[in-house]
Amino acid sequence: MSLRYALLGIISKKPVTGYDVVRIFKQQMVYFWNSTHSQIYTELHKMEKDNLIEHELVIQGTSPNKKIYSLTDSGKKDLIRWAIEEPLKQTKIKDEFLIKTTIFPVLSVTEINTLLDEVIEREERILKMTKQWKDHFVSQKENDTGTMLTVEYGIRYSEMYLEWCKWAKQYINENE
C-alpha cells in the first residue's frame with residue numbers, strides 16, 4: 001500500500017503526467033522503494049477509481065495525448081491521514097548482493113573481488129548521478145524539504161555502501 005502514498009506524495013506537489021510520476025519516482029525514491037513502470041500505472045488507475053486523483057486529458061496534435069494527474073481533496077485528506085495515523089513498519093533491506101555475500105565461502109578471492117568491484121562501480125555511478133541531480137535540484141531553487149532529505153539520504157547511503165565494499169575487499173584480501 002505504500003506505493004499508493006509515494007505516488008500521492010509526488011502528485012501532491014504539482015500536477016504531473018504519468019511519465020513524470022515514473023521519472024520522479026525513480027529519481028527520488030530509488031534508495032528506499034522500488035516499483036516497476038506497470039505497477040506505477042496500475043496504481044495510478046486504482047487511485048483515480050478511488051477518487052484520490054483525477055486527470056485532465058491534454059490533446060497534442062502529432063504527439064500522443066497525455067493525462068495530467070492532480071490530487072483530489074479526498075486524496076489530500078487520505079495522504080495526510082496516512083502520514084499521521086499509520087504506524088511505521090520495521091525497515092526491511094532487500095539487497096541481492098547481500099545474499100551473494102552469504103556464499104562467499106564457496107567463491108575464490110578473485111571471484112569475490114570481481115563481485116565487489118562491480119558493486120563499487122555501480123555505487124560510484126549512482127553516487128555521481130545523485131550528486132548531479134542534487135546540484136540540479138538546488139540550482140532550480142525549489143524549496144522542497146522532503147526531496148532534499150531523500151536525495152541526501154541517497155548520497156549518504158551510496159557513500160556508506162562504497163565504504164563497506166572497500167572495507168569488505170580489504171577484509172577478504174587480508175583474511176583469505
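**Close-up 1. The lining of the second largest pocket, sorted by residue class.** By class, five nonpolar, five polar and five charged residues make up the lining of the second largest pocket, where Ala, Val, Leu, Ile, Met, Phe, Trp, Tyr, Cys and Pro count as nonpolar, Asp, Glu, Lys and Arg as charged, and the others, Gly among them, as polar. This is a predicted model, in which local features need pLDDT of at least 70 and side-chain atom pairs count only at pLDDT 80 or more, while totals for chains, interfaces and linings use all residues. Residues are numbered from 1 along each chain as its sequence is written, and side-chain values use heavy atoms, with hydrogens and water left out.

Of the 15 lining residues, K14, I24, Q28, F137 and E142 lie nearest the centre of the pocket. Two or more lining residues come from each of helix 1 (2–13), helix 2 (18–28) and helix 6 (109–139), and helix 2 gives the largest share, four residues. Helices (H or I, at least four residues) and strands (E, at least two) are DSSP runs, numbered from the N terminus. The space in this pocket comes to about 350 Å³. A pocket is an open set of points on a 1 Å grid over the protein atoms alone, where a 1.4 Å probe fits, with protein on both sides within 12 Å along at least five of seven lines, and lining residues have an atom within 4 Å of a point. Grid points are joined across faces, edges and corners, and the volume is the space filled by probe spheres set on the points.

Close-up 2. Because R23 and D20 are three residues apart in helix 2, about one helical turn separates them. R23 counts as partly exposed because its relative accessible area is 34%, given that buried means under 20%, exposed over 50% and partly exposed in between (1.4 Å probe, protein chains only).

Close-up 3. K169 and D117 form a salt bridge whose closest N and O atoms are 2.6 Å apart. This pair links distant parts of the chain, with K169 in helix 7 (residues 145–175) and D117 in helix 6, 52 residues apart. D117 is partly exposed, with a relative accessible area of 36%. In a second pair, R156 forms a salt bridge with E152, and the closest N and O atoms are 3.0 Å apart. Both R156 and E152 lie in helix 7, four residues apart, which is about one turn of the helix. R156 is exposed at 56% relative accessible area, whereas E152 is partly exposed at 23%.

Close-up 4. Salt bridges link R4, E43 and D50 in a network. N51 has a phi near 60°, a positive value in a residue other than glycine, and is placed in the loop between helix 3 and strand 2 (53–58). With a relative accessible area of 45%, N51 is partly exposed.

Methods. A salt bridge is a side-chain nitrogen of Lys or Arg within 4 Å of a carboxyl oxygen of Asp or Glu.
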